[in-house]
Amino acid sequence: MALMRSIATVGGFTMLSRVTGFFRDIMIANYLGAGLVADCFFVAFKFPNLFRRFFGEGAVAAAYVPLFSATLEKDGAEEARLFSDRAFSVMALALALFCSVLMIAMPWAMYAFAPGFTGVEGKHELAVDLTRITFPYLLLISLCSLISGLLNSLGKFAAAAGTPILLNLILMLTLTALTPFVETPGHALAWGVELAGLAQFVWLMISARRAGMMPRLVRPTLTPRVRLLIKRIIPVAFGAGLYQISLLIDTMLASMVADGAVSWLYYADRVNQLPLGVIGVAIGTALLPLLSRQLAAGHHDDAMISQNRSLEFALLLTVPSMAGFLVLGGPIVSVLFERGAFSASDALATAQALMAFSLGLPAYVLVKVLSPGFFAREDTATPVKSASVALLVNIGLNLLLMQVMGHVGIALATAIGACVNSGTLFFILRRRGWFVPDARLKQRTVRLFLATGVMAAAVEAAEWGLQQWPLTHGVMNAALLSALILLAVLVFSLAAIVLGVVKKADFALFKRLRRRPARSPEQEPPQESS
């Protein structure tokens, strides 16, 4: 119950952030299209986000949360607060120095990040200018990640899950308000990124203050506990960032494929990230603190149940999503982005990339679900090794497939790499006895694929029928797409009930999520009051 309520909290706010993110991307596509300025902004936005994945959310979730939780449990709130202050101060100093050095070296760093930009006059220089504007976002959002880990450890998920909404709203506002006064719409967005980082930081500091744990700047001190945090962060940061390295490699190679390829992959990945963010991030965020507490208390059977139900829930949502993108990828991209500077050819290229990315969608989410099984046991090395193997596979397939499939080959290589990563993690967990799929998971997984096949066939048939009467009016196309998605949901739901993928007891569980049954502090964390 605690796990499901936490997933519902994180997933709900993440869904809202993804919806506002789509409106943001629709505006960006309308203002920038998929040309030179768009490519430069997306690189400028990805650059700090790449390092944020290293220094921020992945490393903090895996290293900081268990350590902070253990300190709070064993040594009390005051010692946990002191540890938080020291970690915050050390991280702030290190990131400030790193950002300063890299902003100075940006012209040379851009040669490595987007080597293909040098072939277009002014593209390299514009990318450098925009990245220098956005790069302070790294410092702010990485500190936000630490504060988010603190709040999650206290069982307060809503404030951290809602921060991306601020980013989307501010980017839309600055794109509209600043574009007439700056050189390009890309400059307006770049300044919006920096402003959004500041707003997110202030928001989370206020939330932490309300929780009685607001981090304070103190003299940076490498105490034994802070050293232990750094020791754990280094491998975890590398492992958690390997997926981002694969995206960096995708960007580098895409910059050499065609003008606009970087943008096509960006828009496709944004659509693919909707279920990945809502499902994968929500389950991973909620599962790690729960597994840490269950294993620390010696409740290994409960931990096994939590892992099985998390995996089942992840598959229930991601497998139909994958099928939906494969069948409706073209209409989805066209309705979302095809307007203004975003042409029909851009929509086709983006839809092709989306379908390739979606083949790895369940695997992307399973990595988020399986990794806490290692992190909760303080094993940070195994996920790094698994991700390293997947990265090598991704690089090799990138170089091979881009020769024959262009940007679509790059997306497909990323999907295959994710499958290798999730498969490796599953095999190792199973071999060590840390995860044993129960009978319910096995049976429902088989039935899930059958229900998904029924859904895909029904939607494919309906779409073929609609193509016999082609329509070009944007509102009508959006209405037809909504009808197809509704059909998919209805058919899948009916097939899932008939085949036993979900049962009556599951509906009772979801109804009970709205209630707060009596519980002891050892059973689950305190919940959000708002």
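Helices are DSSP runs of H or I with at least four residues, numbered from the N terminus. The close-up views below come from a predicted model.

**View 1. Helices α18 and α19 contribute to a nonpolar surface patch.**
At least two residues of the patch are supplied by each of α18 (439-467) and α19 (474-499). Which helix gives the most to the nonpolar patch? The answer is α19, with 3 residues.

**View 2. Helix α16 packs with helix α17.**
Two packed helices are described by the angle between their axes and by the distance between those axes. Here α16 covers residues 381-405 and α17 covers residues 407-432. Their packing angle is about 155°, and their axes lie 7 Å apart. Because angles over 145 degrees count as roughly antiparallel, α16 is roughly antiparallel to α17. The residues of the contact between α16 and α17 comprise 17 nonpolar, 10 polar and 1 charged. In this contact, α16 passes α17 in a right-handed crossing.

**View 3. Helix α6 packs with helix α10.**
This view shows α6 (residues 123-134) and α10 (residues 185-210), whose axes are 8 Å apart. The angle at which α6 and α10 pack is about 25°. Because angles under 35 degrees count as roughly parallel, α6 is roughly parallel to α10. The crossing of α6 with α10 is right-handed.

**View 4. Helix α4 packs with helix α7.**
Helix α4 spans residues 77-104, and helix α7 spans residues 136-153. A distance of 9 Å separates the axes of α4 and α7, which pack at an angle of about 160°. Are α4 and α7 roughly parallel or roughly antiparallel to each other? They are roughly antiparallel, because the cut-off for this class is an angle over 145 degrees. Helices α4 and α7 form a right-handed crossing.

Conventions:
Residues numbered from 1 in each chain as written. Predicted model: local features only at pLDDT ≥ 70, side-chain atom pairs only at ≥ 80, totals over all residues. Heavy atoms only, no water. Axes fitted to C-alpha atoms, helices over the stretch in contact; angles between N-to-C directions. Parallel < 35°, antiparallel > 145°, perpendicular 65-115°, else oblique. Left-handed = near helix turned anticlockwise from the far one by under 90°. Nonpolar A, V, L, I, M, F, W, Y, C, P; charged D, E, K, R; others polar.
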